[in-house]
Amino acid sequence: METKEYTISMLVEDKAGVLNRVASLFRRRNFNIKSLAVGGSEQPSLSRMTVVVAADPAQVEQVRKQLDKLINVVKVSDITDADIVARELALIKVAATSSSRSGIIQIVDIFRANIVDVAADSVTVEVTGDEDKVNSLLELLRGFGIKEVVRTGRVALTRGGASSKKNPKH
Amino acid sequence: MKKTGAQILCESLIKEGVEVIFGILGGAILPVYDAFTQYPQLRHILVRHEQGAVHAADGYARATHKVGACIATSGPGAANLVTGIANAYMDSSPLIAITGQVARPFIGKDAFQETDITGITLPITKHNYLVYSASELAMVVKEAFYIARTGRQGPVLIDIPRDVQQEEAEFIYPDKVDLPGYKPVVQGHPAQIRKAAKLVNGAERPLIIAGRGIIMSQAYAELKELAEKAQIPVVNTLLGISSFPQNHVLSFDMLGMHGMAYANMAVQAADLIIAIGMRFDDRATAITDKFAPEARIIHIDIDPAEIGKNVRVDVPIVGDVKNVLGVLNNEITVKEHAEWLSTLNKWQREHPSLLIRESSELLPQYIVRQIYEATQGDATVVTGVGQNQMWAAQYFTFIKPNSFISSGGLGTMGFELPAAMGVKVGRPDEMVWCVAGDGGFQMTIQELATIAVENIAVKIAIINNGYLGMVRQWQELFYGHRYVDTRLWNPDFVKIAEAYEIPAIKVRHRDEVSPAICKAMDYDGPFLVDFIVEPEENVYPMVPPGKSLSEIIELPKPKRVPKAKPKILARS
């Protein structure tokens, strides 16, 4: 069966060891995590995890069901085919000299990214968008010399009134 | 009133109905053991190795439908539970494992006898807890029992630091749990049940595959009603043995790798499989892409993650088997299926998988058959894994519900003796036969001491072929007769038993078998019979690995004499 990327959104209890349980399950069942982002949600005792997995449809169904079996996982939704807003944030530290700096700024402006730190020999760019946008910016900045990159991985929510709490397939 | 963590634990266990707890103590669990003196209603059975404690709790749970309990200290004590916890997890056996942990200030410091047991058992428990304060202990115990016994049952571990056991807290036992992420589905979806009923009513060659889920939800009557109402033949998985009486005309015995030829033929010819409380384990299905090629499949299971995991399913029904069958039975119509049943009966006559061949040697199949004859099926048979397990599964006719207790999923050598001990503690008035191989028996042989001291009257039959028999069978069939390290030098098990003050006899000949079994059963207490059997007897029928259920080998090929003599590691 065909493998593609799936986006899974989870509400999990904000307790010690929950990330370990989720990560351990992926390893144990031989599921491949492309990215994983964790942070607070709208509810104080719950965190939201967004996981991107490379899988075939049967595998992703297993991922969803196995995650749902974890006691600390409150809701699991495969939101891949739902109408979603998905974003990633990246910080990119680019080598910059006084002569190259303006070229970098031009590219950054086109991408509606921001320069968040300037030093004598580098600038740090903050960019938010989908993975393609981040990849394109990285590609363009590569010529200037990239010193360090950090990416958050995908975070996603369903658009409008639809709630990502429910699996759209069910 | 304020109580210590240890007292809170004991009170909570009693609230949950625990009567027996198997365990062995050590430094980090001492406060709990000290508190045991105040709670005589908690019977603690001291085992000789933690693996014995957890298998005994597992056997107890399977025999009683209660949650089994075991307890160990930190570090090596906790680590020794691991095999048994994994075993319980694979076979969905509900148990609570309590472990001591080093005191809170020492956690993470590699303190003496510290091990990260919650980390270690993460993938083999349904859930686990490290308790950070005595005030949360009551709720943790409440949740742990609730999780262990509901939905798809399983083991839950509670790790309690030594200073938490000593810390005082207010004790109020909660009356309910709040687990927003845990809502097991027990009622089957009505629309799915209707779809299933439609398939059942339209099927010409329906077949039920009965699994352990029937035993766990005690749906014996519902299964029988379904089978009888629509005249649907029943085959069972290994752990589904004793979910349906094997002396019933609709019973066609076990399917799978060492299942009956006619059971496997039925699966391959059926046009509808009704799989109930089973999980399509590879030992039951053989290769899945040639499994039941002509059948549509209805899968009833309490665990949604089992649906579609191993085989494609046409109508999944998630729910407790008893509830689902209760509703389904009302929607199916009375049928005869005379032609289908006569075909199966013909196959059974033409492929008598359970013939015992003539031999001057003592054959293991004959021993199991004689245990059945002596008990008339009124006994619980407990096995570990291997040839002994398969012969017990094949040659005993299981009539009583839940009378076969065995290590299925994990296939644990050494399960048999401590598990039989737990079964007997749970069913003191029943005859309990532990059928062991000489290999598996030696893996938990130390529990003879527990059996002797507590006078747990299990009857032990060692099928002693001087080999790790099933592995040797694979070496014979698939590794060119190269018996690498499967030959066992064994001590004299009769003398061993006698050293533990357990009476025992050795049997070498056919005519001694039945008297020995009777002697064991007549004796008021534990008894061991060491059956010295034909060393190279194989388990048949057999579906070779990588083949389909259709490619079953019914009869052994004439034995070739191996070119080289097997390497003997004996000191003889």
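**Burial, rings and a pocket**

Reply: B:Ala457 sits in the loop of chain B that runs between helix H20 (447–453) and strand E18 (459–464); helices (H or I, at least four residues) and strands (E, at least two) are DSSP runs numbered from the N terminus. This is a predicted model, in which local features need pLDDT of at least 70 and side-chain atom pairs pLDDT 80 or more, while totals for chains, interfaces and linings use all residues. Residues are numbered from 1 along each chain as written, chains are lettered from A and ligands numbered from 1 in the order written, and side-chain values use heavy atoms, without hydrogens and water.

Me: Is B:Ala457 buried or exposed?

Reply: Buried means under 20% relative accessible area, exposed over 50%, and partly exposed in between (1.4 Å probe, protein chains only). The relative accessibility of B:Ala457 is 16%, so the residue counts as buried.

Me: How far apart in space are B:Ala457 and B:Ile502, C-alpha to C-alpha?

Reply: In sequence, B:Ala457 and B:Ile502 are 45 residues apart. From C-alpha to C-alpha, the distance between B:Ala457 and B:Ile502 in space is 9.9 Å.

Me: What percentage of the residues in chain B is buried?

Reply: Chain B contains 23 helices and 20 strands, and its C-alpha trace spans about 70 × 65 × 40 Å along the principal axes. Of its 572 residues, the buried share is 61%.

Me: How are the rings of B:Phe171 and B:Tyr173 arranged?

Reply: Rings of Phe, Tyr and Trp (its six-membered ring) pair if their centres lie within 6.5 Å; planes under 30 degrees apart count as stacked, over 60 as edge-to-face and the rest as tilted. Over all chains there are 13 aromatic pairs. For B:Phe171 and B:Tyr173 the centres are 6.2 Å apart and the planes at 40°, so the pair is tilted.

Me: Which element gives the most to the lining of the second largest pocket?

Reply: A pocket, on a 1 Å grid over the protein atoms alone, is an open set of points where a 1.4 Å probe fits, with protein on both sides within 12 Å along at least five of seven lines; lining residues have an atom within 4 Å of a point. The second largest pocket holds about 600 Å³ of space, the volume being that filled by probe spheres set on the points. Among the 27 lining residues, those closest to its centre include A:Arg21 and B:Tyr129. With four residues, the element that gives the most is E6(B).
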